[in-house]
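User: Could you walk me through how to read helix packing and a ligand site in a model like this one?

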Amino acid sequence: MVSNRLPVDFEVADDGTESWRTSPGGLVTALEPLMRSSDGVWVGWPGVADRTFGPFVNDGISIAPVRLSAADLEDYYEGFSNDTIWPLYHDVIAPPSFHREWWEAYVRVNRRFAEEAAAAASPGATVWVHDYQLQLVPRMLREARPDLVIGFFNHIPFPPDGIYAQLPWRKQILDGLLGADLIGFQRAADAGNFSRAVRRLYGYPTRGVAIDVPGHNGVHRRVIAKHFPISIDARSYEELARRPEVQERARQIREDLGNPKTILLGVDRLDYTKGILHRIKAFGELLEDGSVSVEDVTLVQVASPSRERVGPYIALRDEIELAVGRLNGDYSTISHTAISYHHHGYPREEMVALYLAADVMLVTALRDGMNLVAKEYVAVRFDRDGVLVLSEFAGAADELKQAVLINPHDIDGLKAAILRAIAMPRQERLRRMRALRRKVFDNDVAAWSASFLRTLTEGAAVRPGIPDPLAAALRDVTSTGTLLVALDFDGTLAPHVDNPEDARAVDGTRDAVQRLLDQDGVRVAFVSGRALVSLQHVSQPQSDVLLTGSHGIEVQLDTPEIELDLVSAELEQLDTLAQVLERISGGVAGTWIERKPAGLALHTRLATPQAAQSAQKQAREQLSVLLPGLTVREGKNVLEFAVRASTKGDALERLRRHTGADHVFYAGDDLTDEDAFAVLGEGDLGLKIGAGASLAGYRVHGPEEVPLVLGMIADFRDAAAETPPQPGA
Ligand code: GDG
């Protein structure tokens with residue numbers, strides 16, 4: 001694990017005693033449980049400048065401290081990280097500062113982190129780099145240690161291209177990140193922004209979540225940019241909340257506030273992204289127009305100290321405290337305070353007691369990667385009561401849809417939402433909180449890190465059988481709506497064999513496919529790289545199976561004949577191509593032409609080396625002038641030209657259009673199937689057959705499992721058809 005801050009802080013007490021203390025913060029809160037249970041090393045800065053520490057073990061976690069000087073901190077951390085990248089990535093809520101010496105420090109310090117990580121990682125290790133302070137580390141680490149598997153997770157948003165483009169070092173940062181195998185983001189929109197920036201600034205091809213980065217010798221390296229919404233250790237929060245002393249403290253807090261009818265709560269690092277001023281403004285106006293009174297409603301605002309030496313933070317603190325002071329001066333009484341404001345960090349128990357005491361939690365961020373506070377509030381409310389008011393600009397809004405969602409810039413809307421939350425009937429509160437809790441507990445931090453690491457690392461040993469999470473996902477995704485079941489053939493339905501014409505599907509496949517064909521609303525398709533005639537020969541499909549061959553160039557979709565999915569311009573190119581190659585081949589002995597659905601191959605195996613070379617040279621030269629857009633592939637004694645570079649992703653999208661399916665299930669085993677996995681979206685399911693890195697969410701051991709999986713889909717649909725959904729369920 002590599003992050004700017006270690007999970008421990010070095011502390012010197014007044015009497016000079018030195019100690020290590022587990023440090024607070026979103027990232028640490030999230031990763032502590034994973035590191036403790038795994039045999040990992042954590043590389044990071046210990047929170048004190050100009051001191052050198054050797055590696056040590058703290059609380060079961062191996063620690064490798066990185067030394068930072070006071071000057072490093074000023075330029076790399078407070079400067080480039082927190083005053084250039086942070087505001088830029090949060091939609092320029094505050095103007096970012098660009099200074100070349102900050103950038104130089106950022107490069108220098110990133111190199112130091114990369115060196116420490118390279119020294120700490122064992123051969124072939126998986127390295128997980130965190131957050132915006134270390135965006136150059138993946139590339140630096142890959143160059144030093146090509147054996148490593150490298151993941152990067154960005155905890156904050158990634159801005160839209162128009163904003164990102166302001167960064168003077170925009171290309172260097174993208175290149176730094178693209179050193180990783182997997183780049184994780186909080187929201188799908190962040191991953192999309194990143195891919196668009198890569199396309200625009202580097203022109204690399206992207207498809208779905210996959211980015212093909214040109215490497216040495218023209219071989220592409222595939223990088224995945226995908227969202228993995230972070231979460232919390234929900235159970236540990238609930239456990240704290242259930243402690244009698246914490247509940248007692250919650251009662252105490254309410255009493256100390258003068259037993260108001262409603263307690264509103266805000267908990268944030270004191271940061272301009274959190275919308276603290278917007279919240280105070282809305283509350284102030286509610287007091288002013290008499291919609292609420294200080295006797296009935298109190299706002300508790302915890303603003304924990306943060307980045308206190310960075311200019312905009314100093315100014316923000318003044319603004320907030322001015323606003324709080326004014327409001328309290330205008331509205332507080334001797335017995336009731338309008339805003340109970342606290343510029344402190346509190347122990348976790350106290351935070352949980354505050355969450356328990358709060359009737360309404362206000363998360364009004366103007367832009368926030370995720371916002372863990374929102375999830376903590378939900379995890380704590382085992383009584384299922386309490387209302388979460390949540391900004392749609394926080395990543396958490398993608399998942400926590402049953403919160404009262406608000407636009408914090410719309411002060412009238414925010415005021416209305418606060419009033420609605422205060423007056424919300426208990427029935428509705430319970431219903432919403434129940435749904436929110438299911439979300440947070442089903443997707444906790446363990447699920448988050450497992451899903452990131454599963455995508456990052458090559459699936460080592462895959463055991464035979466159907467894993468439980470796969471069965472659950474099949475039930476969720478495939479049992480309702482119209483469904484397209486698209487299946488690769490070789491390696492998926494049929495084991496790989498030496499002679500491709502001998503390939504046959506494993507026993508039980510035909511029956512399982514038939515059961516699916518007999519279902520209402522299900523279509524089955526075979527998707528293959530083989531020529532379609534060859535696919536027909538080996539798979540012997542039932543007549544209503546949809547077929548696509550040659551990676552989508554040949555299709556047979558409810559037609560008696562095979563169709564070529566080429567536009568007329570491509571057919572014309574194919575004609576020109578044939579004329580040119582035939583002329584060349586006719587003049588050189590020992591060469592011949594092979595026709596392919598979307599191209600032609602010039603074979604030179606039986607020609608003398610000089611003649612072969614001359615034929616290939618002529619073909620390349622003439623075609624580069626006549627048909628410059630062709631895809632050229634060079635094999636042993638063969639030169640192949642194609643008018644269309646089609647993939648199984650294209651095939652799958654064609655099938656999706658043809659069938660109009662609501663959900664797609666795709667199963668495949670090799671690299672070409674990754675193009676199909678890449679075009680799957682929410683509500684689809686990808687199944688990788690066998691080991692190897694994959695974009696698919698699920699995996700089984702081999703083709704033997706596939707008929708079982710198809711049978712399960714049929715079972716689930718039968719069951720769903722028998723029990724129609726309950727109204728309101
Ligand atoms: C970044 C991203 C993303 C706060 N004050 C105290 C305290 N906290 C804890 C909270 C929570 C954490 O700090 C704050 O996490 P957030 O997610 O709300 O926000 P950031 O610090 O900005 O975190 C964010 C996160 O990274 C993770 O990826 O969600 O979007 O900006 O856990 O409870 N904890 C204690 N005392 C305090 O006074 N004990």
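Predicted model: local features only at pLDDT ≥ 70, side-chain atom pairs only at ≥ 80, totals over all residues.

User: At roughly what angle do the axes of helix H10 and helix H14 cross?

Analyst: The axes of H10 (residues 276-288) and H14 (residues 411-423) cross at roughly 70 degrees and come within 9 Å. Angles of 65 to 115 degrees count as roughly perpendicular, so H10 is roughly perpendicular to H14.

User: And how are H20 and H21 oriented to each other, roughly parallel or roughly antiparallel?

Analyst: Again, start from the angle: over 145 degrees counts as roughly antiparallel. Helix H20 (residues 568-587) and helix H21 (residues 609-626) pack at about 155 degrees, their axes 10 Å apart. H20 and H21 are therefore roughly antiparallel, and their crossing is right-handed.

User: Now the ligand: which residues come nearest?

Analyst: There are 23 residues around the ligand, and those that come nearest are His155, Tyr346, Asp368, Leu372 and Glu376. By class, this shell has 9 nonpolar, 9 polar and 5 charged residues.

User: Where do polar side-chain atoms lie relative to oxygen atoms of the ligand?

Analyst: For a polar contact, look for N or O atoms paired within 3.5 Å. A polar side-chain atom of Glu376 lies 2.4 Å from a ligand oxygen. For His155 the distance to a ligand oxygen is 2.6 Å, and for an N or O atom in the Arg269 side chain it is 2.8 Å. The protein buries 90% of the 730 Å² that the ligand exposes when taken alone. Helices H1 (26-37), H12 (348-357) and H13 (372-380) are the elements that give two or more residues to the shell.

Definitions and conventions. Residues numbered from 1 in each chain as written. Heavy atoms only, no water. Near = heavy atom within 4 Å. Polar contact = N/O pair within 3.5 Å; in protein donor to acceptor, adjacent residues only side chain to side chain. Areas by Shrake-Rupley, 256 points an atom, 1.4 Å probe, with all protein chains shown as cover. Helix = DSSP H or I, 4+ residues; strand = E, 2+ residues; numbered from the N terminus. Nonpolar A, V, L, I, M, F, W, Y, C, P; charged D, E, K, R; others polar. Axes fitted to C-alpha atoms, helices over the stretch in contact; angles between N-to-C directions. Parallel < 35°, antiparallel > 145°, perpendicular 65-115°, else oblique. Left-handed = near helix turned anticlockwise from the far one by under 90°.
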